[in-house]
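Work through these exercises with the model on screen. Try each task before you read its solution.

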Amino acid sequence: MKIPLRNRKQRELPPPQEPEDNELRMGFFDHLDELRGRTFKILIAVVLGTILGSIIAGDVLQYLIEPYANIYPDETQRLVVLGPTGAVVTYFKVALMVGGILSIPVITYQILLFIVPGLTSKERRYLLSALPAITLLFLIGVAFAWFILIPPAITFLEGFQSDIFKPEWTAENYISFVTALLFWMGVSFETPLVFFLMSLFGIVTAGLLVKNWRFAVVGTAIAAALITPTIDPVNMFLVMGPLLALYGFSIILVMIGSRITRA
């Protein structure tokens, strides 16, 4: 018995592709599960680092106060705390900063694995081998902020309109100011190596960075304005200059990374 042509065509039609929506939905939820898992690992690393940081937070706190105490070398300077919990909050804020620094390798590794999924074994080796250098660059950025940026900033802020204002800094405000400056400068110094890794994964190219140099200058100026503790051009240039140099260094590293991937 022959099947009519119209019925034969109907039988040859593929079934409706409804599972595609389900596949996309499952992929989305799988992505959320991955984000939750990596966030949990980051939190565990920060908590463990903070526990270790609480052991040395007192010594770190004494060291962080030195730029302020050096302004009055003949006096015993102690920062003011407001309220019964001010000293405790400040102490554990320093412990949290130390914990964040200690967990930088884990944080960077988990973030990059989430941003660049499906890495090959070779790319994972690239990432793992770069983690010590990323941590080192973070510490170099912290050292730059501590030795180059913070001393003139503290001197400027302490002496600004001293005939009108009597500066009495609270411990919470001072430590928040110093730790934020140290952290963001440390993060900024990591950017060249992060761009290098992204070039190995084929995400960015040197041409793309060169093409968008104007946006980089504007972004650097905005970042410097947010990072710098003062509004004077001297301190802002101390931040903006290294950031621009880091962007230029990133272009060189991306060129090297692109050649490695083509080899």
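**Exercise 1. Classify Phe138 and Phe183.**
Task: Decide whether Phe138 is buried or exposed, then classify Phe183 by its relative accessibility.

Solution: 
- Keep in mind that this is a predicted model.
- Recall the cut-offs: buried is under 20% relative accessible area, exposed is over 50%, and partly exposed is in between.
- Take Phe138. Its relative accessible area is 1%, so Phe138 is buried.
- Take Phe183. Its relative accessibility is 35%, so Phe183 is partly exposed.

**Exercise 2. Classify a ring pair.**
Task: Explain why the pair of Phe138 and Phe183 gets its geometric label.

Solution: 
- Start with the distance: the ring centres are 6.2 Å apart. Rings pair if their centres lie within 6.5 Å, so these two count as a pair.
- Next, the angle: the planes stand at 65 degrees. Over 60 counts as edge-to-face, so this pair is edge-to-face.
- Now place the rings. Phe138 is in helix α5 and Phe183 is in helix α6, so the pair ties together parts 45 residues apart in sequence.

**Exercise 3. Find the core.**
Task: Say how many residues the largest nonpolar core has, and which helix supplies its largest share.

Solution: 
- Begin with the chain: it has 10 helices and 0 strands. Of its 263 residues, 36% count as buried.
- The largest nonpolar core has 35 residues. Leu64, Tyr174, Leu182 and Met185 have the most contacts inside it.
- Helices α2, α3, α5, α6, α9 and α10 each supply at least two residues of this core.
- The largest share, 8 residues, comes from α5.
- Look closely at Leu182. Leaving aside neighbours within four places in sequence, its contacts include Leu64, Met97 and Trp146.
- A second, separate core has 13 residues, among them Tyr109 and Phe196.

**Exercise 4. Judge the contacts.**
Task: Of the contacts between residues at least 6 apart in sequence, what percentage joins residues at least 24 apart?

Solution: 
- The share is 82%.

Key:
Residues are numbered from 1 along each chain as its sequence is written. This is a predicted model: local features need pLDDT of at least 70, side-chain atom pairs count only at pLDDT 80 or more; totals for chains, interfaces and linings use all residues. Side-chain values use heavy atoms; hydrogens and water are left out. Helices (H or I, at least four residues) and strands (E, at least two) are DSSP runs, numbered from the N terminus. Buried means under 20% relative accessible area, exposed over 50%, partly exposed in between (1.4 Å probe, protein chains only). Contact means heavy atoms within 4.5 Å. A nonpolar core is a set of buried Ala, Val, Leu, Ile, Met, Phe, Trp, Tyr and Cys residues joined through side-chain atoms within 4.5 Å. Rings of Phe, Tyr and Trp (its six-membered ring) pair if their centres lie within 6.5 Å; planes under 30 degrees apart count as stacked, over 60 as edge-to-face and the rest as tilted.
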